Amino acid sequence: MSRIGKKPVDLPSGVTASVSGQTIEVKGPKGTRSFKATDDVSLSVEDNVVTITPRGSSKRARQQWGMSRTMVANLVTGVTDGFKKELEIQGVGYRAAMEGNKLKLNLGLSHDVVYEVPAGVTVAAPKPTEIVIEGIDEQEVGQVAANIRAWRKPEPYKGKGIRYKGEFIFRKEGKKK
């Protein structure tokens, strides 16, 4: 029995949802997002509340119940507040700067890394050692952050690299003489 799936998703003021078949479309101040649920669950919108119920009691239906509810809640959060990831750059000479729609990263490689920012996501570099990624799609924001971080993951000896803000890196002791 899904505890997450039982909880209905409230629609704040200014947000509307419409269901057609297995697809739910949510419109809000930041944009429009949609999600297509599997045939194992049924979606309904009544009185600014979205409810998800499983069709049957199979294991797959119960799994999809909680997952579908979370996806709908993410749609509502995305069109109202949006999602945000912050990255920190540590290392001597490591820096980032925005040039139009491209993020230019100087990460100690033989060349500068130029990352093309996809549509639907905004990337800003308020400081040379900070990168802020924002958008209405949580998966897309997280993927862009992961792609940028993959260029220079933080290493455990000096802690140099690109890390998520607040991420703890387990540090190792260096070689002994």
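Me: Before we turn to the loops, what makes a stretch a helix or a strand here?
Reply: Helices (H or I, at least four residues) and strands (E, at least two) are DSSP runs, numbered from the N terminus. On that basis Asp-47 sits in the loop that joins strand S5 (41–46) to strand S6 (49–54), and Asn-48 has its place in the loop between S5 and S6 as well. This is a predicted model, in which local features need pLDDT of at least 70 and side-chain atom pairs count only at pLDDT 80 or more, while totals for chains, interfaces and linings use all residues. Residues are numbered from 1 along each chain as its sequence is written, and side-chain values use heavy atoms, with hydrogens and water left out.

Me: Why is Asp-47 called exposed?
Reply: Buried means under 20% relative accessible area, exposed over 50%, and partly exposed in between, with a 1.4 Å probe and protein chains only. Asp-47 has a relative accessibility of 75%, and therefore counts as exposed.

Me: Why is Asn-48 called partly exposed?
Reply: The relative accessible area of Asn-48 is 47%, so Asn-48 is partly exposed.

Me: What is the phi of Asp-47 near?
Reply: Phi of Asp-47 is near 55°, which is a positive value in a residue other than glycine; for Asn-48, phi is likewise near 55° and positive, again in a residue other than glycine.

Me: Which residues does Pro-12 touch, not counting residues up to four places away in sequence?
Reply: Contact means heavy atoms within 4.5 Å, and with that exclusion Pro-12 touches Val-76 and Thr-80. Pro-12 itself lies in the loop between strand S1 (9–10) and strand S2 (16–20), and counts as partly exposed because its relative accessibility is 35%.
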